[in-house]
Amino acid sequence: MYKIQTLNNISVKGLDRLPRDRYEVASEIGHPDAVLVRSFKMHDMVVPETVVAIGRAGAGVNNIPVEAMSQRGVAVFNAPGANANAVKELVLAGMFLAARNICQAWDYTRSLEGDDASLNSQVEAGKKQFVGFELPGRTLGVIGLGAIGVKVANAASALGMNVVGFDPGITVGRAWELESDVRQAHTVDEVVGQSDFISVHVPINDHTRNLINGDRLRMMPAGGVVLNFSRAGIIDDEAAIAALDEGHLSAYVNDFPTNLTRQHPRCITLPHLGASTREAEENCAVLVADQIRDYLENGNVRNSVNFPEVVMPRGGKGDRLSLVNSNVPNMLGQISTALASAGLNIDDMYNKSRGDLAYTLVDVEGEIPAGVIEDLRGIEGVLAVRVIR
Ligand SMILES: NC(=O)c1ccc[n+]([C@@H]2O[C@H](COP(=O)([O-])OP(=O)(O)OC[C@H]3O[C@@H](n4cnc5c(N)ncnc54)[C@H](O)[C@@H]3O)[C@@H](O)[C@H]2O)c1
Ligand SMILES: O=C(O)[C@H](O)COP(=O)(O)O
């Protein structure tokens, strides 16, 4: 029986991928083999020693101590692209809310008092405060052209906007998905200098913290709108509020409210709603549950953020060895020597590295004795060993 600990609510559709006769799933469970999580901050918890895999039912993994898990040989998976459409739709909604002053106008309507005739005259007198502008012909700058950024760029292009994108690490696949009229920028400054709207779609890390700061906000044309549906800290909140107060920015839309932003009249903050649709929650949970199951039952690695992609079909009738080690010379030699010393013949083998880590699957003829597993664990540089029967 595999044991799975859930640290957030995970869609039932995803949990249904883990058959009850082989998986026990609970928020509190002793000796879990794997963890399923959404935004729960795992940095503050002690991850049980029994955990071999963590599945993030979403995109961002900044709530997971990925580096520490790598050093323990724990695989971390996410669900790339599975919530991208949900975020794209909310970004589009944010652009419309800002361009048409919808939040302020709605507040105004709700504040009115009187009978319907009086309301009508207040509506007609008051609406001029909320005159907005239209999107065609305006320029959107998209920073980060991954699963979400590409969808946002293409949707804006379909609305008649000029779109300029920046992503020095764009993959060939994402570049193929982009509409041909999305222009490429070579620097962030080039994007902000020409964009009426800026939307960031990058992970939070040391390169992206305060990516949009006061200097860059000042480079934007006056009346600009900035949107942050990625992570708190990518846009400097204080600088954005200052730019709103100076009248240089017209709106700041973001998914990560703080006490500084949430009451500001030109700041539209939402409670981290980007991925909160039924569809996205199901897509993420299903994808990540399938990946965790394949890792536990077959050792296969798909969509990991710290392990190399390793998928080896199950053909052999004997044990499968799953081994995580530091990416240093002579590991494979030592692994095969340990197996050969027990007279085990290797049926199939797959070894791949990623950065400082390497991952190996070995199918052997017969059963791997407990002593050999201990020998393998004793090899310097071996981080984790599992036998899958
Ligand atoms: N608000 C929400 O609910 C919500 C939902 C999903 C994702 N997110 C956030 O959005 C982020 C992006 O998600 P995604 O699915 O598009 O991820 P992704 O990995 O598909 O795309 C990220 C892109 O950013 C690019 N990038 C990285 N650093 C960059 C930099 N300094 N400048 C320009 N580009 C850079 C990468 O090359 C990559 O193409 C996630 O990391 C997460 O933090 C938020
Ligand atoms: O990175 C993500 O996928 C989002 O921030 C979604 O977070 P959530 O799963 O807590 O909604």
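Ligand 1 lies between domain 1 (1–83 + 276–307) and domain 2 (84–269), because both give residues to the shell around it. The domain bounds come from an automatic or database domain assignment. This is a predicted model: local features need pLDDT of at least 70, side-chain atom pairs count only at pLDDT 80 or more, and totals for chains, interfaces and linings use all residues. Residues are numbered from 1 along each chain as its sequence is written, while chains are lettered from A and ligands numbered from 1 in the order in which they are written.

Start with the shell of ligand 1. It holds 31 residues, and the closest are Gly60, Gly144, Gly146, Gly169 and Gly274. A residue belongs to such a shell if its C-beta atom, placed from the backbone, lies within 6 Å of the molecule. Helices α3 (84–99) and α6 (147–158) each supply at least two shell residues. The largest share, three residues, comes from α6. Helices here are DSSP runs of H or I with at least four residues, numbered from the N terminus. By class, the shell of ligand 1 has 15 nonpolar, 13 polar and three charged residues. Ala, Val, Leu, Ile, Met, Phe, Trp, Tyr, Cys and Pro count as nonpolar; Asp, Glu, Lys and Arg count as charged; the others, Gly among them, count as polar.

Now ligand 2. Its surroundings are Arg38, Ser39, Gly58, Ala59, Gly60, Asn83, Gly274, Ala275 and Ser276. Six of these residues are polar, two are nonpolar and one is charged.

Next, the domains themselves. The assignment also gives a domain 3 (310–389). The C-alpha centres of domain 1 and domain 2 lie 32 Å apart. Eight residues of domain 1 are in contact with seven of domain 2; contact requires C-beta atoms, placed from the backbone, within 7 Å. The side of domain 1 that touches domain 2 has five polar, two nonpolar and one charged residues.

Helix α12 (residues 331–341) packs against helix α13 (residues 370–378) at an angle of about 160°, with axes 10 Å apart. Axes are lines fitted to C-alpha atoms over the stretch in contact, and angles run from 0 to 180 degrees between N-to-C directions. The two helices are therefore roughly antiparallel, a term for angles over 145 degrees. Ile335, Ala338 and Leu339 in α12 meet Val372, Asp375 and Leu376 in α13. This contact has five nonpolar residues, no polar and one charged.

Definitions and conventions:
Parallel < 35°, antiparallel > 145°, perpendicular 65-115°, else oblique. Contact = placed C-beta atoms within 7 Å.
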